[in-house]
Amino acid sequence: MKKCVIVSDSFKGTLSSLEICRLARESVSAIFPGCREVDAIPVADGGEGTVDCFVEAIGAEKVTVSVTGPFGEPLRAAYARRGEQAVVEMAAAAGLPLTGDRGDPERTTTYGVGQLLRHAVEHGCKTVLLGLGGSATNDGGCGCAAALGARFYNHRGESFLPVGGTLDQIAQIDLTELRHFLEGVRILVMCDVENPLYGPQGAAFVFGPQKGADAACVRRLDGQLRALDQVLRRELGMDLGMRPGSGAAGGMGAGCVAFLGAELRSGIEAVLDTVDFDRRLEGADLVITGEGRIDAQSLGGKVISGVAGRTKARGIPLVAIVGGIDPSASAAYGLGVTAMFGIDREAKDFRECAGRSGENYRRTLEDVLRLIRAFSP
């Protein structure tokens with residue numbers, strides 16, 4: 001084997017993508033010492049850790065900025081920048097871990113996300129990749145838009161900052177300053193959910209409970225998002241309520257389209273394009289991918305399916321090293337996965353073996369590589 005490409009998602013709660021890339025690089029070099037090139041590409045699909053992956057994957061600069069947190073508190077958050085391109089993860093300024101046990105999607109704001117975007121644009125970035133994973137908010141992206149110059153007015157003509165519990169107070173929206181500020185800037189949003197803005201499958205009902213909303217709060221939040229949909233129709237002439245992805249990150253998907261003129265894209269496809277994955281595949285004999293668990297959900301726009309689509313088109317073998325394999329994962333073979341291997345070597349409960357994930361990953365991968373070596377010319 002002359003060239004191996006490693007492109008794996010994290011194993012949530014045990015191994016980061018960066019750690020997996022390090023382990024895999026060491027193992028490939030040990031089993032195939034003659035391999036001229038081991039290209040390790042850490043990836044994430046928009047949630048926590050996305051910025052760190054891009055810093056490593058494309059040699060970007062990590063830029064730290066003072067912003068407003070989900071409850072209006074000051075905090076330090078970072079984004080990645082390379083030339084005129086920036087990568088921002090929403091979780092850095094409005095992520096669920098930042099709320100601790102105080103989750104309250106009626107009060108949290110995306111204002112800090114807008115501050116990260118503003119800093120990137122003010123420092124020359126013309127393309128911004130924005131990840132929506134892991135949000136603690138339900139404000140429809142109004143806070144983010146406000147930080148970029150949008151003005152929201154209530155029925156008394158007073159300017160205010162809408163949050164999840166006050167979207168129904170919006171009577172008028174002025175995007176004049178925001179549009180001027182973002183002129184010539186392209187914003188691509190990594191969005192891997194297809195939930196609409198409101199309704200039984202919408203942002204509040206599906207994602208509200210994990211953000212701290214009880215049943216009554218979920219119903220109120222859903223009503224607020226319905227009110228936002230109405231004002232977007234009236235003020236901006238945009239019908240986004242049932243658009244797939246509009247409910248992502250508490251309605252941030254809809255807000256990105258309506259306020260920022262953004263494009264919603266599959267997270268992994270946007271990531272692979274940004275890291276120049278097609279070029280990096282040239283001459284590869286093997287690609288190694290993976291994630292914490294492969295199942296039917298993995299086949300619908302996650303890292304493994306995105307990588308498989310590109311390796312299959314080039315006839316490159318793709319091996320998935322994963323934490324666990326669900327019976328529904330067999331469909332992955334049709335997408336282009338050559339073989340799948342789980343790292344659970346002792347058939348024990350995850351909580352018992354989580355601390356050994358790194359060693360189990362290494363051993364599993366090296367067994368696979370030894371088998372490949374045995375049949376290599």
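Let me begin with Thr99, which is buried, its relative accessible area being 2%, where buried means under 20% relative accessible area, exposed over 50% and partly exposed in between, with a 1.4 Å probe and protein chains only. Please keep in mind that this is a predicted model, in which local features need pLDDT of at least 70 and side-chain atom pairs count only at pLDDT 80 or more, while totals for chains, interfaces and linings use all residues. Residues are numbered from 1 along each chain as its sequence is written, and side-chain values use heavy atoms, with hydrogens and water left out.

Thr99 sits in the loop between helix H3 (91-94) and helix H4 (111-122); helices (H or I, at least four residues) and strands (E, at least two) are DSSP runs, numbered from the N terminus. Leaving aside residues up to four places away in sequence, Thr99 touches Pro70, Phe71, Thr108 and Ala136, a contact being heavy atoms within 4.5 Å.

Now to helix H1, where Ser17, Ile20, Cys21, Leu23, Ala24, Ser27, Val28 and Ile31 are buried. These residues cover an arc of only 165° around the axis, so they lie on the same side of H1, the arc being that of the directions from the helix axis to the C-beta atoms. Among the elements that cover them are strand S1 (3-6), strand S2 (37-40) and helix H15 (357-374).
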